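Hi everyone, thanks for coming. Let's take a friendly walk through one protein together, starting with the picture on the screen.

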Amino acid sequence: MGSVNELEHKSLFRQEEDAAQTKEVSLMEQGSLSTSFAQHTPKAPKNTMLNSIKIVIFCNKLNLLLPFGPLAILVHYMIDSKGWVFLLTLVGITPLAERLGYATEQLACYTGPTVGGLLNATFGNVTELIISIFALKNGMIRVVQLTLLGSILSNMLLVLGCAFFCGGLVFYQKDQVFDKGTATVNSGLLLMAVMGILFPAVLHYTHSEVHAGSSELALSRFSSCIMLIAYAAYLFFQLKSQSNSYSPLDEETNQNEETSAEDEDPEISKWEAIIWLSILTAWVSLLSGYLVDAIEGASVSWNIPIAFISVILLPIVGNAAEHAGAIMFAMKDKLDLSLGVAIGSSIQISMFAVPFCVVIGWMMGQQMDLNFQLFETAMLFITVIVVAFFLQEGTSNYFKGLMLILCYLIVAASFFVHEDPQQDGI
């Protein structure tokens with residue numbers, strides 16, 4: 001009887017193994033489980049130092065702007081013209097922001113999707129974070145708030161609008177389609193960020209604090225911790241729970257995935273990417289110090305409000321890589337990737353960078369809070385509502401893109417004539 005039971009157990013185990021194998025084969029045939037994803041491993045190139053410098057520095061035309069960074073430092077010590085230092089530093093940081101995105105993508109090829117997503121979350125907006133940390137160190141809390149706000153507005157209106165507009169011009173005979181469910185989740189996260197920023201402002205302007213002067217700051221720090229937890233849960237949800245939603249559905253898309261996997265082999269090795277990330281981050285940090293010091297002088301010499309410089313000019317530099325990437329994906333009819341770049345970057349700033357700066361300011365002893373003032377908070381709220389309405393249909397065309405670009409021009413004009421009432425925090 002014991003031998004009979006053993007034979008029955010073995011036969012059951014064999015049936016389960018056979019069923020699992022046939023299920024795996026059927027999934028591979030349907031495209032739900034891509035064989036190329038499991039078998040494709042990145043081939044690390046063996047580059048010399050000169051080849052690595054050639055790939056990272058000399059193969060990109062935007063790097064022609066790199067000499068403006070050292071030139072800004074020379075102007076700072078020789079002429080001490082704040083306006084020229086700010087302009088040259090702004091131009092010099094632009095290619096560095098793009099190369100940071102490139103090095104992060106190269107490193108993500110070796111780390112897998114989970115760590116790669118965390119790397120993109122960390123380094124995707126590292127330029128804005130570095131500028132914000134330097135401004136926090138100098139006690140320029142309003143510059144931090146306005147720069148981060150401007151990055152959110154720029155990504156949602158300018159970057160997404162240009163992507164819709166350029167993609168709509170290329171495919172003018174049809175409406176481009178993107179995943180409506182993912183867009184709805186992203187809109188919900190942006191509304192949650194607005195909630196976290198709105199309530200401290202409402203608490204301040206209604207004068208309903210339990211402890212005047214401290215309840216607003218305590219609410220901001222508590223909300224920041226909650227927003228960081230929500231962003232971590234969002235990353236886990238995207239990278240783990242919803243990984244099947246990004247799998248190809250038929251043989252044609254499966255073949256496209258195989259060819260794209262072969263085409264997306266890294267150009268530099270893992271350690272080269274780490275070294276270049278360190279060098280570029282250090283160079284951005286150095287230039288950011290000169291940039292932050294020259295903001296007030298540039299505002300005086302150019303007769304431009306600091307709010308306009310922080311909300312409009314600084315984010316354009318930090319979003320250079322996102323701008324180019326979103327347009328390129330849209331012109332290839334890959335709207336989901338364009339949304340991932342534009343809206344995903346807005347989520348990173350609003351749900352990660354803003355609360356992160358509040359926590360860092362807490363550690364530095366700076367009273368950084370989520371009260372962005374009434375004008376700026378209303379601007380953010382209306383922008384999120386407008387973008388959510390444009391995304392609800394799951395389609396895009398050049399007209400929608402043009403409307404978003406025109407909305408951004410209205411925002412830029414509003415900040416050009418807006419005088420920040422809180423000058424002591426700058």
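Among contacts between residues at least 6 apart in sequence, what percentage join residues at least 24 apart? In this predicted model, the answer is 84%. Keep that in mind as we go.

Now, what is the protein built from? You can pick out 17 helices and two strands. The protein has 426 residues, and 47% of them count as buried.

Let's look at one pair of helices. Find H7, residues 141-170, and then H17, residues 398-416. Their axes come within 7 Å of each other and cross at roughly 150°. Angles over 145 degrees count as roughly antiparallel, so H7 is roughly antiparallel to H17. The crossing of these two helices is left-handed. And what kinds of residues make up the contact of H7 with H17? There are 18 nonpolar residues, four polar ones and one charged one.

Let's zoom in on Phe-86. Setting aside neighbours within four places in sequence, Phe-86 is in contact with Leu-291, Ala-294, Ile-295, Ala-298, Trp-302, Ile-309, Leu-313 and Leu-314.

Technical notes. Residues numbered from 1 in each chain as written. Predicted model: local features only at pLDDT ≥ 70, side-chain atom pairs only at ≥ 80, totals over all residues. Heavy atoms only, no water. Axes fitted to C-alpha atoms, helices over the stretch in contact; angles between N-to-C directions. Helix = DSSP H or I, 4+ residues; strand = E, 2+ residues; numbered from the N terminus. Parallel < 35°, antiparallel > 145°, perpendicular 65-115°, else oblique. Left-handed = near helix turned anticlockwise from the far one by under 90°. Nonpolar A, V, L, I, M, F, W, Y, C, P; charged D, E, K, R; others polar. Contact = heavy atoms within 4.5 Å. Buried < 20%, exposed > 50% of the residue type's maximum accessible area, 1.4 Å probe, protein only.
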